[in-house]
Amino acid sequence: MTALIVTAVVLVLAIIIALLVYFLAFYQKSHYYQSSFQIPSVEYNPEVLVEHSKIRNELEQKVNNEIDNIFQRSSLNRYYIKSHVANFRSNDGLKTDVLLKFQFLVRHADSLKRQADIILHQKLKLDESFLKIDNSLPYLKEMSEVQAEHILNNRCGIGRDYPTMERIADGSIARKTDWPWQASLQMDGIHFCGASLISEQWLLTAAHCFDTYKNPKLWTASFGTTLIPALMKRKVQLIIIHENYAAHKHDDDIALVKLSTPVLFSNDVSRVCLPDATFEALPKSKVFVTGWGAFKANGPFTNTLRQVEIEIISNDICNQVYVYGGAVSSGMICAGFLSGKLDACEGDSGGPLVIALNGSIWHVIGIVSWGIDCGKENKPGVYTKVTLYRDWIKSKTNI
């Protein structure tokens, strides 16, 4: 028996040592570094700070191409993966923060980081490079994978690529990364309303979700495509309801929710873009509404996030006697089909109505607010018009 125990212990130790040796000798890991560069040759333009603007996109591409060229023509070419512009800054001239990704053996991390540092210093001292070293910050700052993922996904509106006509009630289940800003507002783990993530710490939703329960301590926010299990949860710190909202009417049906701790962005959780106050969605424009709501009036909620593609309907048509008879105000958007069937429903309240602009950059233009029945003929969904409240949102959140 003693011999068997000794043999077993020796065997376990041998396996552990072998695994350690293998890990140190052969295991390749992704390594992330953030660096800062000056761009003295590019004249500052305020548009470069505007997310998804044409001038910003072009400059991001130019910076990424420059970094790619430096490393792809260096001794680190087989370890270098990509660069990613995290942001631009305008203090003391135009500067940019760039995330660099490498993949190499764990035991080579220190030496390869030093090599990367030397290569950048040598290349950026040359006059032909439009990037220069920014000495005001640490040169190559190592970042964890979680921090790197947060930076890589810190762009609004990156979700579903190609819209197709589908119906919530007919089984249109959203893919994992289609609508990463969708949140569920819950009490005691039970879904009540949808919401949209508009920053690391703020959600946009409907005021009527809080008609009964206004205490933020009662609420939590859940993220991910399924309610159970949730991908991530956050407690609610603050609820801001529009000052002019009244429960007996539908006007000003908008609220903001502040999370107790910020979320970390990833492929599965990121923010939606807010539209400019001047943006106007034209009738017949294709839009999407998402949520965990019922398939029909008084039906049960679904556990998996679903989506439906609908169309903008003009307020003039929605205010016809046979539709809503003048009940749709200038602060509301009608969306759906007069023929019915495709619609949001109970449990979708507070959720986003989104439109793709500039390609596939998604902007939240509506908040699920009210309607008569679900998918009923001549009774399309009515949504809070986000553009009308753009200044109000900024005044409360600085977003």
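Buried residues make up 50% of the 399 residues in the protein chain, where buried means under 20% relative accessible area, exposed means over 50%, and partly exposed is anything in between (1.4 Å probe, protein chains only). The model is a predicted one, so local features were taken only at pLDDT of at least 70 and side-chain atom pairs only at pLDDT 80 or more, while totals for chains, interfaces and linings use all residues. Residues are numbered from 1 along each chain as its sequence is written, and side-chain values use heavy atoms, with hydrogens and water left out.

Now for the overall layout. The protein chain holds 6 helices and 17 strands; helices (H or I, at least four residues) and strands (E, at least two) are DSSP runs, numbered from the N terminus. Its C-alpha trace spans about 75 × 75 × 40 Å along the principal axes. The accessible surface of the protein chain is about 19600 Å², and 54% of that belongs to carbon and sulfur atoms; these areas come from the Shrake-Rupley method with a 1.4 Å probe, and for residues only the protein chains shown count as cover. Looking at contacts in the protein chain with a separation of 6 or more, 70% are made by residues 24 or more positions apart, a contact being heavy atoms within 4.5 Å.

One closed barrel has 6 strands in the order 6-7-8-11-10-9, with antiparallel pairing. The twist from one strand to the next averages 45 degrees. Axes here are lines fitted to C-alpha atoms, for helices over the stretch in contact, and angles between N-to-C directions run from 0 to 180 degrees. Strand 6 (residues 182-187) and strand 9 (residues 219-223) run antiparallel and are joined by 5 bridges; two strands count as paired if DSSP finds at least two bridges between them. Within this pair, Ala183 has Phe223 of strand 9 as its bridge partner.

On one side, strand 11 pairs with strand 8 in the antiparallel sense over 4 bridges, and Trp202 stands opposite Lys258 of strand 11. Strand 10 also pairs with strand 11, again antiparallel, over 5 bridges, with Leu256 of strand 11 as the bridge partner of Ile240. Helix 6 (residues 390-397) lies across strand 8 (202-205), strand 10 (232-241) and strand 11 (255-259), and runs at about 30 degrees to strand 11.

Tyr213 sits in the loop between strand 8 and strand 9 and is partly exposed, with a relative accessible area of 36%. Together with Ile190, Phe192 and Leu218, Tyr213 makes a nonpolar surface patch of about 360 Å². Patches are built from residues with over 30% relative accessible area and no salt bridge, joining like charges within 9 Å and nonpolar side chains (Val, Leu, Ile, Met, Phe, Trp, Tyr) within 5 Å; a salt bridge is a side-chain nitrogen of Lys or Arg within 4 Å of a carboxyl oxygen of Asp or Glu.

Another closed barrel of 6 strands runs 12-13-14-17-16-15, also with antiparallel pairing. Neighbouring strands of this sheet are turned by 45 degrees against each other on average, direction ignored. Strand 14 (residues 332-336) has 5 of its 5 residues buried, so it is largely enclosed by the rest of the structure. In a regular strand the side chains alternate between the two faces of the sheet. Both faces of strand 14 are covered, with Met332, Cys334 and Gly336 buried on one side and Ile333 and Ala335 buried on the other.

Strand 14 is joined to strand 13 (residues 306-313) by 3 bridges, and these two run antiparallel. Strand 14 also pairs with strand 17 (residues 381-385), antiparallel over 4 bridges. Cys334 turns up in both pairings: it is the bridge partner of Ile313, and its own partner in strand 17 is Val382. Ile333 has Tyr383 of strand 17 as its bridge partner.

A few backbone details stand out. Most residues other than glycine have a negative phi, and most peptide bonds are trans. The peptide bond from Ile228 to Pro229, however, is cis, with omega near -5 degrees, and Pro229 lies in the loop between strand 9 and strand 10. Lys284, in the loop between strand 11 and strand 12 (286-291), has a positive phi near 80 degrees and is exposed, with a relative accessible area of 61%. Asn378 likewise has a positive phi, about 65 degrees, although it is not a glycine; Asn378 is placed in the loop between strand 16 (361-370) and strand 17.
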